[in-house]
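Please walk me through the contacts in this model.

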Amino acid sequence: MDDPVDVRLATEVSHDPRATLAQLSDRVGLSVSAVQARLKKLESSGVIVGYQAILDPEAVGKPLAAFIEITPLDPRQPDDAPELLQPLTAIEACHSVAGDAAYMLFVRVESPKALEALVNDIRHRASVNTRTTVVLQTFYEHRPMLAAETD
């Protein structure tokens, strides 16, 4: 993004995605119609890829989070683990990583028993070894990528 107003608008919406067009207009110093047009441009160009409600994992019954590293049982097998595991909705994120593991999964489940079942399902579906790290506490996540200006 080369335009400082677009940067400011993207920053504002990333910090407050529920802000109204009028509020964003006040914050960036443009008319409501100009803000709406710029947001549409940021969306169509792929800078803003979506808006998402962030749910409390405990409130929706998935208090247990874990990272699961996966490595293929056979290095010659097809590299299709992301596609094979995509139907498993407990997997929130799948990252290709450097190091010993091929992928790092972030998962949320109901209980230790559910985590064990998920790990077994991952191993079976993708023919992989796993290494699981349980999250004890999360201090922050879902942070905006662009830093807010401080006055």
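The salt bridges come to twelve, each one a side-chain nitrogen of Lys or Arg within 4 Å of a carboxyl oxygen of Asp or Glu. The model is predicted, so to speak of local features takes a pLDDT of at least 70, side-chain atom pairs count only at pLDDT 80 or more, and totals for chains, interfaces and linings use all residues. Residues are numbered from 1 along each chain as its sequence is written, and side-chain values use heavy atoms, with hydrogens and water left out.

Start with K41 and D6. Their closest N and O atoms are 2.8 Å apart, and they form a salt bridge. K41 lies in helix α3 (residues 32-44) and D6 in helix α1 (residues 4-15), so the bridge ties together parts that are 35 residues apart in sequence. Helices here are DSSP runs (H or I, at least four residues), as are strands (E, at least two), and they are numbered from the N terminus. D6 is buried, with a relative accessible area of 4%. K41 is partly exposed, at 41%. The cut-offs are under 20% relative accessible area for buried, over 50% for exposed, and partly exposed in between, with a 1.4 Å probe and protein chains only. D6 and K41 also belong to a network of salt bridges that links them with D3 and R38.

R8 pairs with E12, the closest N and O atoms being 3.4 Å apart. Both residues lie in α1, four residues apart, about one turn of the helix. R8 is partly exposed, with a relative accessible area of 27%. E12 counts as buried, at 17% relative accessibility.

R125 is partly exposed, at 35% relative accessible area. D121 is partly exposed too, at 25% relative accessibility.

A charge can also meet a ring. The charged end of R143 sits over the ring of Y140, 4.2 Å from its centre. The rule asks for NZ of Lys or CZ of Arg within 6 Å of the ring centre and within 35 degrees of the ring normal.

How do α1 and α2 pack? Helix α2 covers residues 21-28, and the two helices pack at an angle of about 135°, with their axes 10 Å apart. That makes α1 oblique to α2. Angles under 35 degrees count as roughly parallel, over 145 as roughly antiparallel, 65 to 115 as roughly perpendicular, and the rest as oblique. Axes are lines fitted to C-alpha atoms, for helices over the stretch in contact, and angles run from 0 to 180 degrees between N-to-C directions.

Now the rings. The count comes to one aromatic pair. The rings of F67 and F106 have their centres 5.1 Å apart and their planes at 50°, so the pair is tilted. Rings of Phe, Tyr and Trp (its six-membered ring) pair if their centres lie within 6.5 Å; planes under 30 degrees apart are stacked, over 60 edge-to-face, and the rest tilted. F67 lies in strand β1 (residues 64-72) and F106 in strand β3 (residues 103-109), so the pair ties together parts 39 residues apart in sequence. F106 is buried, at 11% relative accessible area, whereas F67 is partly exposed, at 36%.
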